[in-house]
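This briefing describes selected packing features of the structure shown below.

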There are 2 protein chains.
Amino acid sequence: MHHLWLMLLPFLGLVSVAPAEKGLEFPRYDGKDRVLDINDRNYRKAMNKYSMLCLLYHEPIPDSKELQKKHQMTEMVLELVAQVLEEKDIGFGMVDAKKDAKVAKKLGLDEVDSVYVFKEDRVIEFDGLLSANTMTEFLLDLLEDPVEVLDNALDELVVYEYIDDLVVYEVMNELVVFEYMNDLIVYEHINELVFLLQVAKQLTLKMNEVDFYEPFMEEPVTIPEKPHSEEELVAFITKHRRPTLRKLRAEDMFETWEDDIEGIHIVAFAEEEDPDGFEFLEILKEVARDNTHLPDLSIVWIDPDDFSLLIPYWEKTFKVDLFRPQIGVVNVTDADSVWMAMDDEEDLPTAQELEDWIEDVLSDEDRGQQRNTNEALPNTRHFEHTQMTLSTNFE
Amino acid sequence: MHHLWLMLLPFLGLVSVAPAEKGLEFPRYDGKDRVLDINDRNYRKAMNKYSMLCLLYHEPIPDSKELQKKHQMTEMVLELVAQVLEEKDIGFGMVDAKKDAKVAKKLGLDEVDSVYVFKEDRVIEFDGLLSANTMTEFLLDLLEDPVEVLDNALDELVVYEYIDDLVVYEVMNELVVFEYMNDLIVYEHINELVFLLQVAKQLTLKMNEVDFYEPFMEEPVTIPEKPHSEEELVAFITKHRRPTLRKLRAEDMFETWEDDIEGIHIVAFAEEEDPDGFEFLEILKEVARDNTHLPDLSIVWIDPDDFSLLIPYWEKTFKVDLFRPQIGVVNVTDADSVWMAMDDEEDLPTAQELEDWIEDVLSDEDRGQQRNTNEALPNTRHFEHTQMTLSTNFE
């Protein structure tokens, strides 16, 4: 793991403009090797040594110089994260899919280029952007207790504001469960459940009832047949994992993208800080709330502000202007796409028009028609003949 | 600008975990030189050629190998940004503080390690984190019209939601101006003003009146002596640029940090997605709203989620636990600091207790007492003898 050129890289995409003042110094890689080369002889020791072990399962180191460089950059990202988190008792290692096939099998690693985090008796897969920043945030989150206990010290107003904010703006892809007077702790993917205990009364929860809030939904679903075992809760949540509206986030962007529906994603671009984007997002939420009963409807909302480096790539690939809100259907096999026509910035669709458009495009999609060019599909929302309800196509 | 090793870097902190599916490909540096070496002979041509020119004003290239590497990494960040934005008609260049002193003087560049953006007849300084992501987002924002016109197509509800959101959650350090029926366009720093025209009636704005919303404030200040010239507006905004509560953001973090008050920052750490952090932020807003008349009060709010790589550094430097809300006073000369004691997570202070604590610490600070260790200053909020109002110390 010693490559001379690695030492040439004090920074990884981050260059601090040397501030005259103290308190904002960005870390630079100090050149020390912290990432372990995991093999059949040392993996047990590593597991026992750290409270969390973070393993990159990678392709065999290739012959091609360019692919080697890619591998080395990945390694550098892990090295910087390992350095930054040095005092947090987290181990880091690399597992070679060929050389270390035996240990990979033992540990249950199967997706090459994924990062697996071992914490206590659980394994959490990281399938997000491998940047030092995103990795660090993800690991720091894992160190926190996944169960949030709200108590009486919070006054009612704050609780309501917090919950509204949590569900509508912040939790995004995460699933929120409120439970009353029950200290059951359950999670498959850590960070996924939030239990509200003593304040549950204010939420009109009944004793031992678990309410499930899908992101952006105002009304919860009460999980049936209480009280629940850990297995039942996990089963219910697993079954309802794919929300009707989900935000693309750096920390699990590839996981989200791989979870397509028959090779297709409905993608909406909306910049939350822009008035048109904000309004369009409100319309999307309305469509999602009206159709949350449809298991096969899931809209991926992308805030372009979160992925600045991808904006020009998306604009070119999808032939859309991302300064304005957009909604389209993307084929993930070839990135072919069709987009709703919104000629005028002031001409945002109503929720009903948006539903009609989605329905029309997807039904054409179903019939296998006109899918090969950006132009071929009807891309205006003025389909006045459309009378079917959304559910006829989705169910 | 040709360095062999530059070619070795296909990534800059970003390694895409090769997705099996299309539509999420992160850009890699293609090795082509796009960043110009600006000098006395070519700067005019560059200015005329692009709609925006983005210049890094840097220290003379040093002899030390390590500092050379830092310089090269900065250059690489610019190269990747230039590649990603290739079709946006933005030029990129480097200006050497020694070799190109003459042209730097002509262009008015004075702060070494800053990036200056020339757009039409204005110069906008970038004093934020030099990462490819932050730079790209900043430049894409500059391409947009800084004046946002809300019109009748937005219904009243959306306008109110947007405005609340804009002012309270999103605009953060940016200054928001609402103006009724006036198409005056004025900005010193681009992105800084938002005009709402036809919807102004709903905001109880009078004809030609300009209301100024400081971030996190619910009540605007009406700019006196209407109607206003561009100069008057700019003068008013410049005078009121430092808000009572400001969020640290990657795009202008160094600018914010350098804007200390007598060598000191009041720093509050609060994670907005965490219930305690959310509640603490509400308390901070209350303190800010109650004291917005004090010109020398400015609290820097840091959401640790936005700066994951700095969390361990801050925890070590300031000796605080950033899993919990914190407020303290930091000396920017030596990063010495004192922090409010909040032993119990449920034991957040009231707005009044927080005001009292700030006042006590700053008045000790004024007397030059007990400033040399983290322990020496009173760091509990239980000063029941404190009866002075906050203004007595600040005015």
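Over all chains, the structure holds 14 aromatic pairs, a pair being two rings of Phe, Tyr or Trp (its six-membered ring) with centres within 6.5 Å. The model is predicted: local features need pLDDT of at least 70, side-chain atom pairs count only at pLDDT 80 or more, and totals for chains, interfaces and linings use all residues. Residues are numbered from 1 along each chain as its sequence is written, chains are lettered from A and ligands numbered from 1 in the order in which they are written, and side-chain values use heavy atoms, with hydrogens and water left out.

**Aromatic rings**

- The ring centres of A:Phe269 and A:Phe318 lie 6.4 Å apart with their planes at 45°, so this pair is tilted (planes under 30 degrees apart count as stacked, over 60 as edge-to-face and the rest as tilted).
- This pair links distant parts of the chain, 49 residues apart: A:Phe269 belongs to strand β10 (residues 264-269) of chain A and A:Phe318 to helix α9 (residues 311-318) of chain A.
- Helices (H or I, at least four residues) and strands (E, at least two) are DSSP runs, numbered from the N terminus.
- A:Phe269 and A:Phe318 are both buried (buried means under 20% relative accessible area, exposed over 50%, partly exposed in between, with a 1.4 Å probe and protein chains only).
- A cluster joined by ring pairs comprises A:Phe269, A:Phe307, A:Trp314, A:Phe318 and A:Trp339.

**Charges over rings between the chains**

- The charged end of A:Lys88 sits over the ring of B:Phe323, 5.7 Å from its centre (the criterion is NZ of Lys or CZ of Arg within 6 Å of the ring centre and within 35 degrees of the ring normal).
- The charged end of B:Lys88 sits over the ring of A:Phe323, at 5.6 Å from its centre.

**Helix packing**

- In chain A, the axes of helix α2 (residues 65-84) and helix α4 (residues 132-143) come within 9 Å and cross at roughly 45°; axes are lines fitted to C-alpha atoms, for helices over the stretch in contact, and angles run from 0 to 180 degrees between N-to-C directions.
- That angle makes α2(A) oblique to α4(A) (under 35 degrees is roughly parallel, over 145 roughly antiparallel, 65 to 115 roughly perpendicular and the rest oblique).
- The contact (heavy atoms within 4.5 Å) is made by A:Val77, A:Leu78, A:Leu80, A:Val81 and A:Val84 of α2(A) and by A:Ala132, A:Met135, A:Thr136 and A:Leu139 of α4(A).
- A:Thr136 counts as buried at 0% relative accessibility; not counting residues up to four places away in sequence, A:Thr136 touches A:Val81, A:Val84, A:Leu85, B:Ser308 and B:Leu309.
- In chain B, helix α2 (residues 65-84) and helix α4 (residues 132-143) pack at an angle of about 45°, with their axes 9 Å apart.

**Positive phi values**

- Most residues other than glycine have a negative phi.
- A:Glu262 has a positive phi near 50°; A:Glu262 is found in the loop between α7 (253-258) and β10 of chain A and is exposed, with a relative accessible area of 71%.
- B:Ala335 has a positive phi near 60°; B:Ala335 lies in the loop between β12 (326-331) and β13 (337-339) of chain B and counts as buried at 8% relative accessibility.

**Chain A overall**

- Chain A has eleven helices and 13 strands.
- Of its 395 residues, 60% count as buried.
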